Amino acid sequence: QVRGLCGTYNWNQQDEFTTPAGDVETGVAAFANKYRASGDCAVPGPMPPEPCDAFAGRQELAEAACAVLHGPAFQ
């Protein structure tokens with residue numbers, strides 16, 4: 001009874017990309033586009049962007065934020 005971006009959760013990987021219309025997409029980008037809430041949102045390409053290339057100026061910030069996961073709070 002579960003559907004959406006999280007999949008069908010029925011242990012059948014063949015229907016994980018079931019769209020709101022009930023068809024099954026084979027690619028991640030095509031599947032995600034079926035759940036776009038607004039036409040104003042950018043349509044992603046077939047491959048997700050490389051985060052380090054798309055946000056090169058944020059690498060230090062990302063590394064500092066991720067370092068928290070290796071700290072004592074999460075050990």
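The mean over the chain is 78, and 83% of the residues reach 70 or more.

Next, show the cartoon. The chain has three helices and zero strands, and the order from the N terminus is α-α-α. Select residues 51-54, helix α2: confidence is lowest here, with a mean of 71. Then move to α3, residues 59-67, where confidence is highest, at 84. Where pLDDT is low, the predicted coordinates should not be read in detail.

Now select T19, in the segment before α1 (28-33). Is T19 buried or exposed? T19 counts as buried because its relative accessible area is 1%, under the 20% cut-off. Display its contacts, leaving aside neighbours within four places in sequence: R3, E25, F31, K34 and Y35 are in contact with T19. Across the chain, 13% of the 75 residues count as buried.

Switch to the surface. Select V68, L69 and F74, which make a nonpolar surface patch of about 320 Å². Finish on F74, which sits in the segment after α3. F74 has a relative accessible area of 54%, and therefore counts as exposed, the cut-off being over 50%.

Notes. Residues numbered from 1 in each chain as written. Predicted model: local features only at pLDDT ≥ 70, side-chain atom pairs only at ≥ 80, totals over all residues. Heavy atoms only, no water. Patch = residues over 30% accessible without salt bridge, like charges linked within 9 Å, V, L, I, M, F, W, Y side chains within 5 Å. Areas by Shrake-Rupley, 256 points an atom, 1.4 Å probe, with all protein chains shown as cover. Salt bridge = Lys/Arg side-chain N within 4 Å of Asp/Glu carboxyl O. Helix = DSSP H or I, 4+ residues; strand = E, 2+ residues; numbered from the N terminus. Buried < 20%, exposed > 50% of the residue type's maximum accessible area, 1.4 Å probe, protein only. pLDDT = per-residue confidence, 0-100. Contact = heavy atoms within 4.5 Å.
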